Amino acid sequence: GVLTPTGAWCEDAWLTTAMLTEVTERLKFLVAFRPGLLSPTLAAQMAATYQRLSGGRLLLNVVTGGESAEQRGYGDFLDKDARYARTDEFLHVVRSLWRGGTVDHDGPHLRVEGARLSRTPDPVPPVYFGGSSAAAGPVAARHSDVYLTWGEPPAQVAGKLDWIRSLAAEAGRRLRFGIRLHVIARDTADEAWAQARRLLDGIDEADVRAVQAGLRRSESEGQRRMLDLHHGSRDDLVVAPNLWAGVGLVRGGAGTALVGSHAEIADRIAEYHALGIEEFVLSGYPHLE
């Protein structure tokens, strides 16, 4: 499958991937969407339609929304904790509808009455969910099938997975885990690290400072954890064996890359897998274009 993003800076993922199902046969689409921007009944219906017309190739990546300024641009004026509370209600309604029930829900943020789907999705799309804040964890534990983390060092990933496992156990559930990483792989380690260095050679220090200042204003706990790996400095960007934080100097979101020979990258993937990571969202960096 392929991950597709959500936000004001990109194309709409629902529409783009729905069109791509017409020119592909087996490829699945991990569609990022924001649950506060459409009704849960409509989202459940859209997922059912997508599954029927695509042959069951939809995966859903729930993005609660980390930046209030961008959310306000979409007409959403809740703060971060309230957004997660609304996501909790949203996913409760959606999953209830997918089970074929008639749903009445009157919560602090969402209300539906007599909601029902004429056709439930087959198969039910798995729900992917990322979030590192205290508000995010319980929602992920109750509703997600796959908990996603950005590419932090293995020790930090292990701690986060233990946290989510314990929350899921309290909810009587067991989740799968995934990780989001860039990859700079070459035939030799020297070639890979030379490419990583080239990515930063043409970037002015003033540009790095400007990007970092903007990212420091983020409300996202995951973004804060990414920034804390390098503190805006080009020094000490190797934060774990073959794990390079240089991408995060000039890019928000997933800011680390696995760098090394193909064998070294495979070893690091195996290391994350041993922690419990089953799904890897990997992107070549930079894009060929």
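Start by selecting the buried residues of helix 2: P40, A43, A44, A47, A48, Y50, Q51 and S54. Buried here means under 20% relative accessible area, exposed means over 50%, and partly exposed is in between, using a 1.4 Å probe and protein chains only. Now look down the axis of helix 2: these buried residues fall within an arc of 160 degrees, so they line one face of the helix. The arc is taken from the directions that run from the helix axis to the C-beta atoms.

A word on what you have open. This is a predicted model, where local features need pLDDT of at least 70 and side-chain atom pairs count only at pLDDT 80 or more, while totals for chains, interfaces and linings use all residues. Residues are numbered from 1 along each chain as its sequence is written, and side-chain values use heavy atoms, with hydrogens and water left out.

**Stop 1: around helix 2**

Keep helix 2 (residues 40-54) selected. Helices (H or I, at least four residues) and strands (E, at least two) are DSSP runs, numbered from the N terminus.

What does the buried side of helix 2 pack against? Show helix 1, strand 2 (29-33), strand 3 (58-62), helix 4 and strand 5, and you have the partners of its buried residues. Contact means heavy atoms within 4.5 Å. Then step just past the end of helix 2 to G55, which takes a positive phi of about 75 degrees.

**Stop 2**

Zoom in on A48, which is found in helix 2 and is buried, with a relative accessible area of 5%. Leaving aside neighbours within four places in sequence, A48 is in contact with R119, T120 and P121.

The peptide bond from D122 to P123 is cis, with omega near 0 degrees. P123 lies in the loop between strand 5 (111-115) and strand 6 (127-130).

**Stop 2: helix against helix**

Select helix 1 (residues 13-20) along with helix 2: their axes come within 12 Å and cross at roughly 15 degrees. That makes helix 1 roughly parallel to helix 2. Axes are lines fitted to C-alpha atoms, for helices over the stretch in contact, and angles run from 0 to 180 degrees between N-to-C directions. Angles under 35 degrees count as roughly parallel, over 145 as roughly antiparallel, 65 to 115 as roughly perpendicular, and the rest as oblique. To see who touches whom, show W14, T17 and A18 in helix 1, which meet A43, M46, A47 and Y50 in helix 2.

While you're in helix 1, click on L15, which lies there. Is L15 buried or exposed? It's exposed, with a relative accessible area of 59%.

The axes of helix 2 and helix 4 come within 9 Å and cross at roughly 45 degrees. That makes helix 2 oblique to helix 4. At this meeting, P40, T41, A43, A44 and A47 in helix 2 face F90, V93, V94, L97 and W98 in helix 4 as contacts.

Stay with helix 4 (residues 80-98) and bring in helix 5 (residues 136-143): the two pack at an angle of about 5 degrees, with their axes 9 Å apart. That makes helix 4 roughly parallel to helix 5. Y84, T87, D88, L91, H92 and R95 in helix 4 meet A136, V139, R142 and H143 in helix 5.

**Stop 3: helix 10**

Next, select I265, R268 and Y272, the buried residues of helix 10. Down the axis of helix 10, they fall within an arc of 60 degrees, so they line one face of the helix. Their packing partners are helix 6 (154-170), strand 8 (176-186), strand 10 (243-244), strand 11 (257-261) and strand 12 (277-284). Just after helix 10, find G276, with a positive phi of about 120 degrees.

**Last stop: two loop residues**

D236 sits in the loop between helix 9 (221-227) and strand 9 (238-240). Phi of D236 is near 55 degrees, a positive value in a residue other than glycine. At 67% relative accessibility, D236 counts as exposed.

Finish at N242, in the loop between strand 9 and strand 10. Phi of N242 is near 65 degrees, again a positive value in a residue other than glycine. N242 is buried, with a relative accessible area of 10%.
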